[in-house]
Structure formats: C-alpha cells, structure tokens
Amino acid sequence: MVNLEWYRTFKAIYKEGTLTGAAETLFISQPGVSLHLSSLESYVGYKLFDRTGRKMIPTERGKVLFNALNEPLNKLEDIEKNFQKSTEKHTPTISVGMCFETFQMTLEQYVSTLPFNLIICFGEYPEMLDQLNKGILDLIITPKKGISPTIIHESFSSENIVLVGGKDIDAKAFKAVLKQKDKEATRLWLKEQKWYGTAGDMEHLFQFWITNFEEKPDFRPNYIVPNLNSIVRCLSAGTGLAVIPDFLCQKEINNGQIQLIWEGDKKLTNTLYFGTRKNTMHQMEINHIKDLFRKVMT
C-alpha cells in the first residue's frame, strides 16, 4: 500500500514548484522530499516531474495525478484540522536518536515529566544521521558530525574513553608495568586479562588500543554482553577489564564498585553533539531535551 506521506509530498512539490519549497512547507529535509518523490514515482511507474534547473515541472501524468489527488487530500487535511480543534490540547511528538546507554544515564529519568510525546530510537551513528537528514528523527545525540548542509551540530559535552576494571583487578601490578615505559610489556599484560565487550560494537576498544599502541587489538573479549551498562554491572561483581566512556561509570568508580585502571598515555576524548535539522517545527521540544542533557552532563 502506498505511503500517504508520498502523496502529501507530491502535492507540496506541485504547488511550490521546487524541492526546497516543499521541504520548507512540510518541515522536513530536502533529501527526505526527494526520497518520497522517487518512492512514489517507482510505485506508480512513471515520472511525475521534469527537472529544469531547480524548478519541478509536472509531467502530463503528474498533472493527472494531482487533479485526482488534490480534492481528497484537501478533505483529509480538513478532517485533521477539525480533529485537532476538537482536542483540548494537541500534543506534539518528537523522535530522538541516541545510544541505549546514553538514554539510560540521562533522559530515562525525565521521560515521565515531559510535556510532549517522545519516541526514542537506538542505532548506529551513521544510520541515525541518515534518519535525521530524511526527517525520520528530530534530534540525535552523537559523537560524530555529518556533512549534510541541512544538519546543525552543536557541541554540549565530552566523554573520555578509559580503561576500567573490576574491584579485584590488581591495579598495582599494572602500574608497576606502566613504570617500565615498555609499550609491548603493557600491551601483553593487558592482553592476558579477561575482557568484556558488547555485541557488534568494538569501536571504543579499537580507538583506545590504536591511540596507545598504534595497532588494532589482536584479541576478542572473553565475555560479550548486551550493552555498556551491563559491562559496568559485571565488573562490579569482581574481575575483568573493559574500555568505556567515563560518564557511564563515574558513579561506580567514585563509590569503589569498579576501578579506573588507565586513561591511556594519550587521552582519548570524544565531543558529544546535538544534531538537528535547520528547519524544524519542534524547536521548543528539542530545546527542552537539550536542557535536560546539559543538566545531567555538565
């Protein structure tokens, strides 16, 4: 079944005459408009517009489709407006993307207090950037900046990627090895320990290892658990090592549940960014989420 949003995008392009104008009308990105149009053209099996410079000129088939759709879409939009008027208060919904652990440590405690609807999405950072660009997400929390001209990145905090261990790890023995200033001896000592990792995400370990030893780790973690918060809980039970962002485990380090073993010879720091589209109809709600993050992380 065809997506109704494709028709609404088609109508906006037809009336505005440009992809940019349609994007501004619909409050979505221009790539999102292009995606809707190409999906609709693939669905109906023919071109709906001829592209002349920046102008979108409807084809004969496009004109026929518009004439068929215009009145039904207007009626649907009238129904939507009337329904909203009959509701005491229209509650906006925003979609926010971030990693699972960041959500647990920051926003989770405030969800029940939010004066708007919220959809949280978890995924890989490149995927979230793509979904933000297409208008699927309204805000992302990411340590990586994209290159799309329609996306704004605003730095708000940073995280240090550190080596942590269970309370039973012999940290004194490791410090003795470090004093030798022998990278190979340090690398071998670490390699001999039990390691924790998460399924499908070895980036923190890879970054830390390459920064300090100028090569990728030549071992795999002994224990693969669901997420970084699971690692912290496992380490609290005894021994083992892991490389994770410090803000995820600062409380456990402070109360002695786990140990900060090593920050590395070279500190590995990631800057955290808010990612938003330049044109959004949910700026007030997005600012509310941003303020909550700043409250927790700064």
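**Cysteines, strands and salt bridges**

Reply: The structure holds 0 disulfides, a disulfide being a pair of cysteine sulfur atoms within 2.5 Å. This is a predicted model: local features need pLDDT of at least 70, side-chain atom pairs count only at pLDDT 80 or more, and totals for chains, interfaces and linings use all residues. Residues are numbered from 1 along each chain as its sequence is written, and side-chain values use heavy atoms, with hydrogens and water left out.

Me: Is C249 buried or exposed?

Reply: C249 is buried, at 0% relative accessible area. Buried means under 20%, exposed over 50%, partly exposed in between (1.4 Å probe, protein chains only). C99 is buried too, at 16%.

Me: New topic. Which strand does β9 join?

Reply: Strand β6 (residues 151–166) runs antiparallel to β9, with 5 bridges joining them. Strands pair if DSSP finds at least two bridges between them. L163 has V243 in β9 as its bridge partner. Helices (H or I, at least four residues) and strands (E, at least two) are DSSP runs, numbered from the N terminus.

Me: How many residues of β9 are buried?

Reply: 5 of the 5, residues 241–245, so β9 is largely enclosed by the rest of the structure.

Me: How many salt bridges in the whole structure?

Reply: The search finds 16. Each is a side-chain nitrogen of Lys or Arg within 4 Å of a carboxyl oxygen of Asp or Glu.

Me: What does E154 meet in a salt bridge?

Reply: R294, at 2.6 Å, N to O. E154 lies in strand β6 and R294 in helix α12 (residues 283–297), so the pair ties together parts that are 140 residues apart in sequence. E154 is partly exposed at 29%, and R294 is partly exposed at 27%.

Me: Which residue forms a salt bridge with R187?

Reply: D218, with the closest N and O atoms 3.4 Å apart. R187 sits in helix α8 (residues 183–191) and D218 in the loop between α9 (203–213) and β8 (223–225), 31 residues apart. R187 is buried at 10%, whereas D218 is partly exposed at 45%.

Me: Which residues are linked with them in a network?

Reply: E184, K191 and E215 join R187 and D218 in a network of salt bridges.
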